Amino acid sequence: MPTIAIVVLVLFSAVLAGVLVLRPTITIRPEGKILAFGVLFFLPLFCLLIGMDNEMERSKSTTFCLSCHIMEPYGKSLLVDDPMHLAAAHYQNHRVPADEACYTCHTNYAMFGTLKAKLGGLRHVYVYYLKAQPRPEDIKLHEPFNNRECLHCHLGARSFEEGATHNADPATLPAIKANTLSCVSSGCHDVVHNVGQLDKVKLWKEVMPNSDQQN
Amino acid sequence: MTSKIEQRLRISGTLILLGLLVEAICLLWSRPIAFVVFVSLGGLLTGVGVLLFLYSLVTIDQAPKEPL
């Protein structure tokens, strides 16, 4: 449902709630009782649920993540004109949905992964508003990047399973799959965002394409 | 003079009204803090309002001609 339709429904419910606040005596009649049940129980919960769903979907968008000033360099890192930059190569070649680029790699593909990702996001909000903000290049992941997030897409793909580097040593591929050898470990795909070096690299585009505009 | 149930309906309705207004503002305000305000303040006000309404229903006096 479009955001504007939800807003209209929420405001309509608010107006009805206002009518009950001003005229509670209308609940003496049976139709008033039905109205009260709808306005004070059904509609608020329905609005809360669809609003929450809308907010959750919106919080997955690339523009949502990049709307914090501190995240701007990370957005810029998606535009680096170098295929060795992991995040940029994924974003520019649509290996991840461009409008959900951050979420696709930084969510947790396990049970309650989305919920855990959102709780992690609340920690970001806490730090952003209530603590001393770190420099963008000093931001670290809460925990080491789990290969599970990469394997969610790459497992079974020919380029991954038959890749020359992945098969140079017979122990490499099993170690990657067991998460004992990180995909982003040194010497492998270790150039990810590199926000500290952005002033030294060429950009593919200066601004993000329109594809990641929010609804 | 308003009855107890009318007072509770007014409080419940006011809380829900405020909660819904907070939700509407947050839906139009596309910032990460809006998500937090939507869940914490909007959800809290609406939730408390609905619970108070339900509490009013189960503790209502059965006197005739009372609202609800």
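Start with A:H94. A:H94 sits in the loop between α5 (86-92) and α6 (101-106) of chain A. Helices are DSSP runs of H or I with at least four residues, strands are runs of E with at least two, and both are numbered from the N terminus. The phi of A:H94 is near 55 degrees, a positive value in a residue other than glycine. Most residues other than glycine have a negative phi.

A word on the model. It is predicted, so local features need pLDDT of at least 70 and side-chain atom pairs count only at pLDDT 80 or more, while totals for chains, interfaces and linings use all residues. Residues are numbered from 1 along each chain as its sequence is written, and chains are lettered from A and ligands numbered from 1 in the order in which they are written.

Next, A:N194. Its phi is positive too, near 45 degrees, and it is not a glycine. A:N194 is found in the segment after α11 (172-177) of chain A. Buried or exposed? A:N194 counts as buried, with 20 C-beta neighbours inside 10 Å.

Now the layout of chain A. It is divided into domain 1 (3-58) and domain 2 (65-145 + 184-212). Those bounds come from an automatic or database domain assignment. The C-alpha centres of the two domains lie 39 Å apart.

On to the helices. α1(A) and α2(A) pack at an angle of about 155 degrees, and their axes are 10 Å apart. That makes α1(A) roughly antiparallel to α2(A). Axes are lines fitted to C-alpha atoms, for helices over the stretch in contact, and angles run from 0 to 180 degrees between N-to-C directions. Under 35 degrees counts as roughly parallel, over 145 as roughly antiparallel, 65 to 115 as roughly perpendicular, and the rest as oblique. The crossing of α1(A) and α2(A) is left-handed. Left-handed means the near helix is turned anticlockwise from the far one by less than a right angle; clockwise is right-handed. By class, this contact has 13 nonpolar, four polar and no charged residues. Nonpolar covers Ala, Val, Leu, Ile, Met, Phe, Trp, Tyr, Cys and Pro; charged covers Asp, Glu, Lys and Arg; the others, Gly among them, are polar.

Now across to chain B. How many residues of chain A are in contact with chain B? 35 residues of chain A are in contact with 31 residues of chain B. Contact means C-beta atoms, placed from the backbone, within 7 Å. α2(A) gives the most to the side of chain A that touches chain B, with twelve residues. That side divides into 22 nonpolar, ten polar and three charged residues.

α1(A) also packs on α1 (residues 4-28) of chain B, at about 160 degrees with axes 8 Å apart. The two are therefore roughly antiparallel. α1(A) passes α1(B) in a left-handed crossing. Residues in this contact include A:V10 and A:A14 of α1(A), and B:L17 and B:L20 of α1(B).

Last stop, B:G49. It lies in α2 (residues 32-58) of chain B. B:G49 counts as buried, with 24 C-beta neighbours inside 10 Å. Among the residues it touches are A:L40 and A:P44 of chain A, and B:I16 of chain B.

Key. Two residues are in contact if their C-beta atoms, placed from the backbone, lie within 7 Å. A residue is buried if 20 or more other C-beta atoms lie within 10 Å of its own, exposed if 12 or fewer, and partly exposed in between; C-beta atoms are placed from the backbone. Lists of a residue's contacts leave out its neighbours within four places in sequence.
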